[in-house]
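Subject: Structure handover

Hello,

Please find the structure below, with notes on what was found in it. The notes go from the whole chain to single residues.

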Amino acid sequence: QVQLVESGGGLVQPGGSLRLSCVVSGSIFSINAMDWYRQAPGKQRELVAVITKGGTSNYADSVKGRFTISRDNAKNTVYLQMNSLKPEDTAVYYCHADGKLDGLNTFRSWGQGTQVTVSS
């Protein structure tokens, strides 16, 4: 069974920074894309950033220039460095990954979420 565990959320003042981490564990053959989503109260879950196995990344327009996604393939870990945080970044942040369990079977899994609150 594949598990994703996020960490690094918390309370930060506007303009501050946080770094989220997500470790993927289990019997995994390979991981393809790794993503960060977020869901604010009363809103739909939205894609924040995605990074491919080769390191190509894309971002939502709302976070471009402020957030950076990266990954350590040796550690099956994805990071989200969040700078210049704004109150509208407040949300539960979820890690998501897809890949292969073996030569035939694939997986798509979510983490449990970590709360990020930006407030003075």
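From the N terminus on, the elements run β-β-β-β-β-β-β-β-β-β-β. That amounts to 11 strands and 0 helices; helices (H or I, at least four residues) and strands (E, at least two) are DSSP runs, numbered from the N terminus.

Two remarks on how to read the values. This is a predicted model, in which local features need pLDDT of at least 70 and side-chain atom pairs count only at pLDDT 80 or more, while totals for chains, interfaces and linings use all residues. Residues are numbered from 1 along each chain as its sequence is written, and side-chain values use heavy atoms, with hydrogens and water left out.

The whole chain

The C-alpha atoms fill a box of roughly 50 × 25 × 25 Å along the principal axes. The radius of gyration is 14 Å, which agrees with the value near 14 Å for a compact globule of 120 residues (it is taken over C-alpha atoms, and the globule rule is 2.2 Å times the number of residues to the power 0.38).

Of the 120 residues, 42% count as buried. Buried means under 20% relative accessible area, exposed over 50%, and partly exposed in between, with a 1.4 Å probe and protein chains only. The chain exposes about 6400 Å², and carbon and sulfur atoms supply 47% of that area (Shrake-Rupley method with a 1.4 Å probe; for residues, only the protein chains shown count as cover).

Among contacts between residues at least 6 apart in sequence, 54% join residues at least 24 apart; contact means heavy atoms within 4.5 Å.

There are 12 positive and 9 negative side chains, and the centres of the two sets lie 2 Å apart. Lys and Arg count as positive and Asp and Glu as negative, without His and the chain ends; the place of a charge is NZ of Lys, CZ of Arg, CG of Asp or CD of Glu.

The core

The largest nonpolar core has 29 residues, and those that touch the most other members are Trp36, Val48, Phe67, Val78, Leu80, Met82 and Tyr93. Two or more residues each come from strands S3 (18-25), S4 (30-39), S5 (46-51), S7 (67-72), S8 (77-82), S9 (91-100) and S11 (114-118). A nonpolar core here is a set of buried Ala, Val, Leu, Ile, Met, Phe, Trp, Tyr and Cys residues joined through side-chain atoms within 4.5 Å.

Leaving aside neighbours within four places in sequence, Tyr93 is in contact with Glu6, Leu20, Trp36, Tyr37, Arg38, Val48, Phe67, Leu80, Met82, Gly113, Thr114 and Val116.

Residues in strands

Ile69 belongs to strand S7 and is buried, at a relative accessible area of 5%. Tyr79 is 10 residues away from Ile69 along the chain, with 5.6 Å between their C-alpha atoms. Beyond four places in sequence, the contacts of Ile69 include Met34, Trp36, Ala49, Val50, Tyr79 and Leu80.

Strand S4 holds Asp35 as well as Ser30. Asp35 counts as buried, at 6% relative accessibility. Not counting residues up to four places away, Asp35 touches Leu47, Ala49, Val50, Tyr94, Cys95 and His96. From Asp35 to Thr68 the separation is 33 residues in sequence and 12 Å in space, C-alpha to C-alpha.

Ser30 is buried too, with a relative accessible area of 12%. Outside four places in sequence, Ser30 is in contact with Lys53, Gly99, Lys100 and Phe107.

Gly10 lies in strand S2 (residues 10-12) and is partly exposed, at 25% relative accessibility. Although Gly10 and Thr114 are 104 residues apart along the chain, their C-alpha atoms are separated by 8.0 Å. Apart from residues up to four places away in sequence, Gly10 touches Leu18, Gln115, Val116 and Thr117.

Residues in loops

Which value of phi does Asn76 have? Phi of Asn76 is near 50°, which is positive in a residue other than glycine. Asn76 sits in the loop between S7 and S8 and is partly exposed, with a relative accessible area of 25%.

Ser84, not a glycine either, has a positive phi of about 50°. Its place is in the loop between S8 and S9, and Ser84 counts as partly exposed at 42% relative accessibility.

Regards
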